[in-house]
Amino acid sequence: MKSNLYKSILFYMIAMTLHAEPLTFSKAYNLALEKSHTLKSSDYMYQSETQKTEEEESALYPHLNLSGSYKKARYYSSGVSKQTVANYTLSFKQSIYNAGTYARINVQKQHSKYANLDVKQKKIALTQDIMKAYLDAMRSDAKIKLLESDITYTRSMQTKIQKQFVMRLSDKVDLLSMQVEYNSAKIELDKEKKTYNTYIQTLEEYTEETNIEMPQINLRDNVQPLLDSMKKAASGQIKSIDLAQSHTVLKMKEYELKQAKAGYYPKIDLDVVYSKSDMNSRTVQDPFTKSEYAVISLSMPLYDGGYNSAAVEVAKLTKQAANEDLQDTKQKIDVKYKNALSLFQSSMDSVNLYKEALESAHLYVNAVKTKYDKGQDSVIEYNKAKQKLYNIRYKYINNIYDMLQSYLQILTYTNNLEHIVLLDKLLEDGK
């Protein structure tokens with residue numbers, strides 16, 4: 001009974017593995033964002049900064065306090081008198097004008113905005129990491145197929161030379177040379193398979209998926225409609241998060257300068273207090289049972305030893321530094337964007353050329369196979385034709401790799417990462 005249960009479980013696990021849904025570009029992207037603890041931490045920090053903004057804004061609203069006290073005392077003069085006093089006080093305080101408060105609120109708003117941008121920045125960084133692992137796995141898979149074809153070809157050549165060596169039609173140097181090529185190809189294949197597994201493990205860590213099935217790139221169908229869609233998606237204006245962060249930092253420094261200058265401005269506050277006392281007897285110390293007063297206070301700074309002037313100079317310098325950082329970020333992003341756009345266009349222009357070369361290679365392989373099946377050509381020629389096919393295929397996928405890498409960079413600079421979904425159409429299972 002237990003044996004049948006174990007067999008059923010094993011069969012179910014194998015079936016689930018065989019019918020695993022391929023890991024598409026968009027699925028890898030969405031899973032990585034969903035599972036990332038770094039993104040969740042950044043989002044909590046953003047929420048924290050938002051609460052800090054509300055904390056600073058609370059200074060603009062009335063502060064109402066209720067307090068109470070109970071006092072029991074003895075007073076000595078010609079005799080002894082006892083007194084008990086229960087005091088209740090209700091106070092109201094409202095800031096009427098405080099330039100420093102407004103500046104602090106605006107500074108904190110920029111902190112909150114920067115924290116929100118930081119969430120988006122970490123999302124972009126995570127996207128770049130997960131997509132790089134995905135593209136590296138894609139290219140590594142193509143290289144494995146190329147190396148396998150190399151091994152097949154060198155093995156057939158090795159067999160041929162071995163027969164020639166027995167018949168004394170070739171020498172030992174030729175045999176050893178082919179043996180070296182064969183062993184080198186096997187070593188390269190083993191290394192590449194380990195590299196491929198490393199990329200898959202990276203994808204598994206980011207997505208928290210197991211038994212990842214990588215789909216194949218569709219290299220035969222017409223990809224021009226997809227290229228047109230990608231080109232359109234990549235034509236947006238630069239809306240870099242790095243640039244937005246630099247703008248936010250500059251704005252923050254502007255408000256910090258206003259905050260420093262606020263030290264020269266007056267502060268105006270309104271205080272209203274109502275107090276009532278219940279006592280068993282009156283004394284000189286507590287002659288009243290009720291008091292009310294309202295005070296408007298004005299505080300005007302005159303001299304603080306040069307603190308405010310130094311703070312203003314510091315704020316001016318940090319603002320100038322932030323402006324220089326902004327200009328530097330603009331230049332760097334502009335250069336990177338142009339480079340990515342140039343690589344994207346050149347790679348895209350080469351797609352059709354590689355596609356034609358791959359189709360010619362397929363026709364060549366089919367022609368050689370036909371002759372081989374009829375006994376008109378050797379297995380060596382057939383394996384050599386397949387080797388050429390996989391060599392062109394590898395170069396084609398390398399070109400696609402460069403195109404997609406530059407496309408993803410452009411999407412980050414234009415803040416259009418939602419267009420990653422277009423890449424699914426490049427896969428054999430894509431719709």
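**Group meeting: a walk through the core of a predicted model**

Hi everyone, let's start with a charge and a ring: R139 lies over the face of Y401, 3.8 Å from the ring centre. To count as lying over a ring, NZ of Lys or CZ of Arg has to be within 6 Å of the ring centre and within 35 degrees of the ring normal.

A word on the ground rules. This is a predicted model, where local features need pLDDT of at least 70 and side-chain atom pairs count only at pLDDT 80 or more, while totals for chains, interfaces and linings use all residues. Residues are numbered from 1 along each chain as its sequence is written, and side-chain values use heavy atoms, with hydrogens and water left out.

Now the overall layout. The protein chain has 9 helices and 4 strands, taken as DSSP runs numbered from the N terminus, with helices being H or I of at least four residues and strands E of at least two. Going from the N terminus, the order is α-α-α-β-β-α-α-α-α-β-β-α-α. Of the 431 residues in the protein chain, 36% are buried; buried means under 20% relative accessible area, exposed means over 50%, and partly exposed is in between, with a 1.4 Å probe and protein chains only. If we take contacts, meaning heavy atoms within 4.5 Å, with a separation of 6 or more, 82% of them in the protein chain join residues 24 or more positions apart.

On to the core. Which residues touch the most other members of the largest nonpolar core? They are F25, L203, L404 and Y407, out of 75 residues. A nonpolar core here is a set of buried Ala, Val, Leu, Ile, Met, Phe, Trp, Tyr and Cys residues joined through side-chain atoms within 4.5 Å. Among the elements giving two or more residues to this core are α2 (25-35), α4 (99-166), α8 (307-373) and α9 (379-414).

Let's stay with F25, which is buried at a relative accessible area of 0%. Leaving aside residues up to four places away in sequence, F25 touches M131, Y134, L135, L404, I420, L423, D424 and L427.

That brings us to the aromatic pairs, and there are 5 of them, counting rings of Phe, Tyr and Trp (its six-membered ring) with centres within 6.5 Å; planes under 30 degrees apart are stacked, over 60 edge-to-face, and the rest tilted. F25 and Y134 have ring centres 4.3 Å apart and planes at 40°, so this pair is tilted. The pair joins helix α2, which holds F25, to helix α4, which holds Y134, across 109 residues. Y134 is buried too, at 1% relative accessibility.

Compare Y354 and Y396: their centres are 6.0 Å apart and their planes are at 10°, so they are stacked. Here the link runs from Y354 in helix α8 to Y396 in helix α9, 42 residues apart. Buried or partly exposed? Y354 is partly exposed at 27% relative accessibility, whereas Y396 is buried at 1%.

Next, α6, where L226, L227, M230 and A233 are buried. Looking down the axis of α6, its buried residues fall within an arc of 125°, so they line one face of the helix; the arc is that of the directions from the helix axis to the C-beta atoms. Their cover includes α8 and α9.

Last stop: S246 in helix α7, buried at 13% relative accessible area. Beyond residues up to four places away in sequence, S246 touches D325, L326 and T329. With T329 there is a side-chain to side-chain polar contact at 3.1 Å. A polar contact is a pair of N or O atoms within 3.5 Å; within protein, one must be able to donate a hydrogen and the other to accept it, and residues adjacent in sequence count only if both atoms are side-chain atoms. Thanks, everyone!
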